[in-house]
Amino acid sequence: MSRPDYDFSSPEAIAAVVEEQVAHLRETIGSDRVICALSGGVDSAVTATLLHKAIGDQLTCIFVDHGLMRKDEPAQIEAVFRDQFKMDLVHLDREDRYLGLLAGVTDPEEKRKIIGGEFWKIFFEEAEKLDGVKFLAQGTIYPDIIETGTEGTEHVKYHHNVVPFPEGVHFELVEPVKYFYKDEVRKVGAYLGLPDHIVWRQPFPGPGLGVRVVGALTKEKLDILREADAIVREEIAAWDTQRSVWQYFCILVDVQCTGTEDGKRTYARPVVIRAIRSTNAMTADVAELPYELLTKLSTRIVAEVEGVNRVTYDVTPKPPATIEWE
Ligand code: XMP
């Protein structure tokens, strides 16, 4: 599947690409209804915003809040899609359901299975409540489509081929950004008026902080991680104005350690900071953050985040380590 020739070289050119997509979406969808899952990521955000421009209230967005997002992200999704764009947004707060299902689960793959499986269950439960939905919108982008041409045939494999439609349920897929590369998706997102924190959002695992709290999840651990992570993101973003660091975030490991505060012994948690440079996440180098920045991060985290008495910096490239800890 070869992609059409697009021109993203100027604001006028981007506007023309957008108008072409919008016209195509209107023609494909007609007067039918579309549902779209919002994850907070740029691909699904641009998908939803293009569709909303094309078909307005015929689009319903579903945001399954699993309680594993970063600090303030659910509120930001509300602010952008409901308040700014006036989209029909169904926000499902399922934190308790997820915490219950994940209680005591320590195996990373098991966590991923539970988080992903439950997502689709909740999504389709909700979708079935809406009448007359014909299409399901997906934020597939061009690199998601792996092409392996063999002689005489063109074999195209979709990453996402795997929307696990429940028995008897089917929607047609609509994928308005499937021929765009990531930088092009970002250009379209910026053109459509999406805020920088969405346009420039770093890769973030679908299972969210569920795979950044090592071991069993609890609300207390997730809240500690959210606070520490918010400090790391704020400080590194202020330093990395050229966005040269690919990903930076915190991990909470499943141990406690000894510290001292006001002459008394503490027994609390260590937090790990990870910051890497990469071009495609297949390999990664450790970002050489200045020592003063690391000191500032450490000082702020132990002072501001209750339950943390130690901060470490992960200095391992990929390979041999992966980017995420789980
Ligand atoms: P690793 O840890 O394998 O990560 O070096 C490579 C890239 O993929 C992201 N990642 C995920 N993304 N679901 C996702 O959508 C996942 O389960 C997942 N695990 C890792 C990771 O953040 C990095 O950018």
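Pro-320 is placed in the segment that follows strand E12, where strands (E, at least two residues) and helices (H or I, at least four residues) are DSSP runs numbered from the N terminus. The peptide bond leading from Pro-319 to Pro-320 is cis, with omega near 15 degrees. Pro-319 also belongs to the segment after E12, and a cis peptide bond with omega of about -15 degrees joins Lys-318 to Pro-319. The coordinates are those of a predicted model, in which local features need pLDDT of at least 70 and side-chain atom pairs count only at pLDDT 80 or more, whereas totals for chains, interfaces and linings use all residues. Residues are numbered from 1 along each chain as its sequence is written, and side-chain values use heavy atoms, with hydrogens and water left out.

The protein chain contains 9 helices and 12 strands. For 326 residues, a compact globule would have a radius of gyration near 20 Å, and the 21 Å computed for the protein chain agrees with this; the radius is taken over C-alpha atoms, and the globule rule is 2.2 Å times the number of residues to the power 0.38. Along the principal axes, the C-alpha atoms fill a box of roughly 70 × 45 × 45 Å. Of the 326 residues, 49% count as buried, a class defined by under 20% relative accessible area, with exposed meaning over 50% and partly exposed lying in between (1.4 Å probe, protein chains only). Among contacts in the protein chain with a separation of 6 or more, 73% involve residues 24 or more positions apart; contact means heavy atoms within 4.5 Å. The chain exposes about 16000 Å², of which carbon and sulfur atoms supply 51%, as given by the Shrake-Rupley method with a 1.4 Å probe. There are 37 positive and 54 negative side chains, and the centres of the two sets lie 4 Å apart. In this count Lys and Arg are positive and Asp and Glu negative, while His and the chain ends are not counted; each charge is placed at NZ of Lys, CZ of Arg, CG of Asp or CD of Glu.

Helix H8 covers residues 219–239, and its end C-alpha atoms are 30 Å apart, in agreement with the 30 Å that its 21 residues should span at 1.5 Å a residue. The expected span is 1.5 Å times one less than the number of residues. The buried residues of H8 include Leu-222, Leu-225, Ile-231, Val-232 and Ile-236, together with the charged residues Lys-221, Arg-226, Asp-229 and Glu-235. The buried residues of H8 pack against helices H4 (95–102) and H9 (291–304) and against strands E8 (247–252), E10 (264–277) and E12 (308–313).

Helix H1 has 19 residues and reaches 27 Å from its first C-alpha to its last, close to the 27 Å expected. Among its buried residues are Ile-14, Val-18, Gln-21, Val-22, Leu-25 and Ile-29. The partners of the buried H1 residues are strands E1 (33–37), E4 (133–137) and E7 (172–174) as well as H2 and H6. Gly-30, which follows H1, has a positive phi near 60 degrees.

In helix H6 (residues 182–192), the buried residues are Glu-184, Val-185, Arg-186, Val-188, Gly-189 and Leu-192. These pack against H1 (11–29), H2 (42–55) and H7 (196–199). Just after H6, Gly-193 adopts a positive phi of about 95 degrees.

Arg-201 is located in the loop between H7 and H8 and is buried, at a relative accessible area of 11%. Residues up to four places away in sequence being set aside, Arg-201 touches Ser-39, Gly-40, Gly-41, Met-69, Arg-70, Glu-73, Arg-186 and Asp-196. Arg-201 and Arg-186 are 15 residues apart along the chain, and their C-alpha atoms are separated by 9.6 Å.

Ala-48, in helix H2, is buried with a relative accessible area of 0%. Beyond its neighbours within four places in sequence, Ala-48 is in contact with Cys-36, Leu-38, Leu-59, Cys-61 and Met-87.

Positive phi values also occur in residues other than glycine. Asp-72 has a phi near 70 degrees and lies in the loop between strand E2 (59–65) and helix H3 (73–84); this residue is partly exposed, with a relative accessible area of 47%. Ala-281 has a positive phi of about 70 degrees and is placed in the loop between E10 and strand E11 (285–286). Its relative accessibility of 23% makes Ala-281 partly exposed.
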